Amino acid sequence: QKVRNITNEEDRKRFQFFVADAGNVTKFYSHDTFDTVVDTFGLCSFDDPVAVLKELQRVCKPDGKILLLEHGRSKTWQWLSNYLDKTAQRHAENWGCVYNRDLDQILKDSELEIESIRTFHFDTTYYVVCKPSMKVKSQRSEEKKIDNGDNGTSNKLKSFWNIKKLLRR
């Protein structure tokens with residue numbers, strides 16, 4: 001809210017606000033726009049987290065990084081995953097968060113090139129450093145031919161912070 005109240009026009013140019021489907025932000029960002037893309041605890045809220053990760057790869061430069069801090073099932077502590085499974089429906093209805101997703105499978109399906117994965121909190125919290133897959137970047141490029149180059153946003157931001165689809169249930 002504080003950022004929206006900035007009155008200095010020069011300062012306002014440093015920020016952008018919009019509502020978008022994170023699985024398709026071609027209207028806002030061209031290919032290879034960002035050096036670093038960050039998503040924090042967002043994959044649990046997206047309808048199609050794999051599509052979102054593929055879109056993040058599209059907007060990330062080929063030599064860029066994609067940093068993920070996420071939560072999901074524990075592969076090590078089955079009793080905890082059983083509890084998450086038992087309470088996931090109610091939690092998702094109340095908070096819009098599906099907290100028992102299989103992050104390992106989501107990462108595999110997204111075809112990200114994983115550089116490192118660290119887990120915490122009984123292996124339910126993941127810190128993942130990865131880079132875009134050239135295969136996915138090529139596929140997304142073909143799918144998004146409507147994106148005809150720089151649409152004026154690439155110089156406004158150098159990082160991509162947690163574009164989340166607003167859930168309205």
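**Asking why: exposure, a patch and a helix face**

Reader: What makes Asp32 count as partly exposed?
Author: Asp32 has a relative accessible area of 33%. Buried means under 20%, exposed means over 50%, and partly exposed is what falls in between (1.4 Å probe, protein chains only). So 33% puts Asp32 in the partly exposed class. By the way, this is a predicted model, where local features need pLDDT of at least 70, side-chain atom pairs count only at pLDDT 80 or more, and totals for chains, interfaces and linings use all residues. Residues are numbered from 1 along each chain as its sequence is written, and side-chain values use heavy atoms, with hydrogens and water left out.

Reader: Where does Asp32 lie?
Author: In the loop between helix H1 (9-12) and E1. Helices (H or I, at least four residues) and strands (E, at least two) are DSSP runs, numbered from the N terminus. Asp32 also has a positive phi of about 55 degrees, although it is not a glycine.

Reader: Is Gly42 buried or exposed, and how do you know?
Author: Buried, because its relative accessibility is 0%, which is under the cut-off. Gly42 sits in the loop between strand E1 (34-40) and helix H2 (49-59). Its C-alpha is 8.5 Å from that of Cys97, though the two are 55 residues apart in sequence.

Reader: Why are Trp77, Trp79 and Phe122 called a nonpolar patch?
Author: Patch members need over 30% relative accessible area and no salt bridge; nonpolar side chains (Val, Leu, Ile, Met, Phe, Trp, Tyr) are joined within 5 Å, like charges within 9 Å. A salt bridge is a side-chain nitrogen of Lys or Arg within 4 Å of a carboxyl oxygen of Asp or Glu. Trp77, at 35%, clears the area cut-off, and so does Phe122, at 45%. Together the three have about 350 Å² of accessible area, a value from the Shrake-Rupley method with a 1.4 Å probe, with only the protein chains shown counting as cover for residues.

Reader: Where do Trp77 and Phe122 sit?
Author: Trp77 is in the loop between strand E2 (60-71) and helix H3 (78-95). Phe122 is in the one between strand E3 (113-120) and strand E4 (125-131).

Reader: How do you know which way the buried residues of helix H4 point?
Author: In H4 (residues 103-110), Leu103, Ile106, Leu107 and Ser110 are buried. Viewed down the axis, they fall within an arc of 95 degrees, so they line one face of the helix. The arc uses the directions from the helix axis to the C-beta atoms.
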